[in-house]
Amino acid sequence: MKKSVLPVIFLSTLSLASTAQAEQADNQWFWGANISSDSIDSGIENIGSEKAAGFGLFVGKQFNEHWSVMGGYKKFGSPTYNIHNVCVTGFGPSETLCRAINIDLDLNSLYVKSRLKNTFDNGFMVFADIAINSWNADATASYAGYAGSGDVSGNDFSFGAGVGYQNDRHEYTLGFESYDFDGTDITSISVSYSYSF
């Protein structure tokens, strides 16, 4: 009788330990950082988009093996747009001045993101994101020695997807995100690292 009871107690103890370990892994906090290549459409006809490098910081919580929520800051790349041969009259008697307008854009966002992911036995993973962004854009324009600036802000959704690899507490991801900030279309390809604690 004793020989049959001991294995049951031993197996029950292992089961309890593995359940506690799983619950601990499911309710972990994490922090991370990323770098990105951002393609930002100017929204101005015949100018198109420009690419620039951005970065981000984030913190979040993994609620279970498939769902996490994170909040963070993203600084998009700061491109410069050029509008060539803009002509203005009135710079002297019958004088027309033709110069290029240079527009510098500075764009950043605070966001809350929900992520669904599936991690395979070998550590590789796939994920999909949806986020709400509170963004702000500052633009400075210069023309023939004159300069002006303005800013605009708003709240918009963004969507993303990607692949990654998880090794113990370390996670590495390659992601794609799509934004539409009041008609300014942005596509972002980013590499991220996060650490769970």
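Visitor: Which strand gives the most to the nonpolar patch?
Guide: Strands here are DSSP runs of E, at least two residues long, numbered from the N terminus. Four of them, β6 (124–143), β7 (146–167), β8 (170–181) and β9 (184–196), each supply at least two residues of the patch. The strand that gives the most, with three residues, is β8.

Visitor: What kind of model is this, and how are its residues numbered?
Guide: It is a predicted model, where local features need pLDDT of at least 70 and side-chain atom pairs count only at pLDDT 80 or more, while totals for chains, interfaces and linings use all residues. Side-chain values use heavy atoms, without hydrogens and water, and numbering runs along each chain as its sequence is written, from 1.

Visitor: How much accessible area does the nonpolar patch have?
Guide: Its members have over 30% relative accessible area and no salt bridge, and nonpolar side chains (Val, Leu, Ile, Met, Phe, Trp, Tyr) are joined within 5 Å. Among them are Phe55, Tyr172 and Ile189, and Ile189 lies in strand β9. Taken together (Shrake-Rupley method, 1.4 Å probe, only the protein chains shown as cover), the patch residues have about 1,100 Å².

Visitor: How many salt bridges does a search of the whole structure find?
Guide: A pair counts when a side-chain nitrogen of Lys or Arg is within 4 Å of a carboxyl oxygen of Asp or Glu. By that rule, the search of the whole structure gives a total of six.

Visitor: How far apart are the closest N and O atoms of Lys113 and Glu177?
Guide: This pair links distant parts of the chain, with Lys113 in strand β5 and Glu177 in strand β8, 64 residues apart. Lys113 counts as buried (under 20% relative accessible area; exposed is over 50%, partly exposed in between; 1.4 Å probe, protein chains only) because its relative accessibility is 7%. Glu177 is buried too, because its value is 11%. In their salt bridge, the closest N and O atoms are separated by 3.0 Å.

Methods. Patch = residues over 30% accessible without salt bridge, like charges linked within 9 Å, V, L, I, M, F, W, Y side chains within 5 Å. Helix = DSSP H or I, 4+ residues; strand = E, 2+ residues; numbered from the N terminus.
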